[in-house]
Amino acid sequence: MSDKFTQGTIIEYIRSTKYPEIKCQGIVISARCDLAQEKINQFHCLSAMNIEEWIYEVLFESVVNERNNNVLGNIKKYCEQKCMDFATLCGMDKVNFREVLLKSASSKEQKNIQKTIEEWESISGLLETKIKNEEKSTFLLKNKKIVENKLKALYNSSFPKFAFVPEKAYSDGKSSVKGLVVDLQDVIQFDIKVKDPILAYEYDYKVEKSKEKREYINNYFFFDSDSDFVIAENVIVSPWIEYVLQMFANSFMRIGVDNALEYEIEDFCTEILGDIK
């Protein structure tokens, strides 16, 4: 273990209000000099998780939302053709949503609009109830191309609000595809008082008998069963920690805007390319 608690130190089993059920890693981002000279009362981390957990927790939702937006895009296009107000339709419950669309469809359109509605109901329902990873895996496999594109974006530093750090940046692992995914917008503050006990391996549930201290530790880390402990075994080395900080700065300052839907892009391409003779 590194004898330093520095920028890039990875703290295991931290709590994140954004991911309450996941034992996250915390990537220390506070300045090296402040940590070394203990000039601060608090330090800050970005939450991170193993890429396997990220796929089921974050990527799954992203794929569902993309598929959902694409289906809604098709419905919006249909509404425009029928001179229907799409915003009003989206404000309805699912029963009325279905009924209005089916009533608007001609006999030739019934089959296709029925299929589109069922697809939308199936996709939107995936985020309304908690489902197991096996079900998520089935959905992701059915949308393998979207998954591959999103993973490529992550590995190429273009997946919004997240940064990938490979195993080789913080351990003896050699993989370029396995590692941690850092949430660049989940900043977590810690009391500097937890630093020395972590480095001294003092946060071990079996060893710590004080109920008061256990509750204090449990505010920051998963610390409520005999198997729980807190360690800081690894440090993200240069230039990877600088890369994370650069990505963090870019993400923190970025202003989010609405992007064009897939069908709008396709229609625009058809329009532009059709004008080229």
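The protein chain exposes about 16400 Å², with carbon and sulfur atoms supplying 51% of it (areas by the Shrake-Rupley method with a 1.4 Å probe; for residues, only the protein chains shown count as cover). This is a predicted model, where local features need pLDDT of at least 70, side-chain atom pairs count only at pLDDT 80 or more, and totals for chains, interfaces and linings use all residues. Residues are numbered from 1 along each chain as its sequence is written, and side-chain values use heavy atoms, leaving out hydrogens and water.

**Overall build**

- You get 11 helices and six strands in the protein chain (DSSP runs numbered from the N terminus: helices are H or I with at least four residues, strands are E with at least two).
- The radius of gyration is 24 Å, while a compact globule of 277 residues would come in near 19 Å (taken over C-alpha atoms; the globule rule is 2.2 Å times the number of residues to the power 0.38).
- Along the principal axes, the C-alpha atoms fill a box of roughly 75 × 50 × 35 Å.
- Buried residues make up 42% of the 277 (buried is under 20% relative accessible area, exposed over 50%, partly exposed in between, with a 1.4 Å probe and protein chains only).
- Of the contacts with a separation of 6 or more, 64% join residues 24 or more positions apart (contact means heavy atoms within 4.5 Å).

**Aromatic pairs**

- The count comes to 17 aromatic pairs (rings of Phe, Tyr and Trp, the last by its six-membered ring, with centres within 6.5 Å; planes under 30 degrees apart are stacked, over 60 edge-to-face, the rest tilted).
- Tyr13 and Phe229 are edge-to-face, because their ring centres are 5.4 Å apart and their planes sit at 80°.
- Tyr13 belongs to strand E1 (residues 9-14) and Phe229 to the loop between helix H9 (211-220) and strand E6 (234-235), so this pair ties together parts 216 residues apart in sequence.
- Both partners are partly exposed: Tyr13 at 27% relative accessible area, Phe229 at 33%.
- Phe97 and Trp120 are stacked, because their centres lie 4.4 Å apart with planes at 25°.
- Phe97 is buried at 2% relative accessibility, and Trp120 is buried at 11%.

**Cluster and charges over rings**

- One aromatic cluster takes in Phe5, Phe43, Phe190, Tyr203, Tyr205, Tyr216, Tyr220, Phe221 and Phe223.
- Arg214 lies over the face of Tyr205, 3.7 Å from the ring centre (the rule: NZ of Lys or CZ of Arg within 6 Å of the ring centre and within 35 degrees of the ring normal).
- Trp120 has the charged end of Lys94 over its ring, 5.4 Å from the centre.
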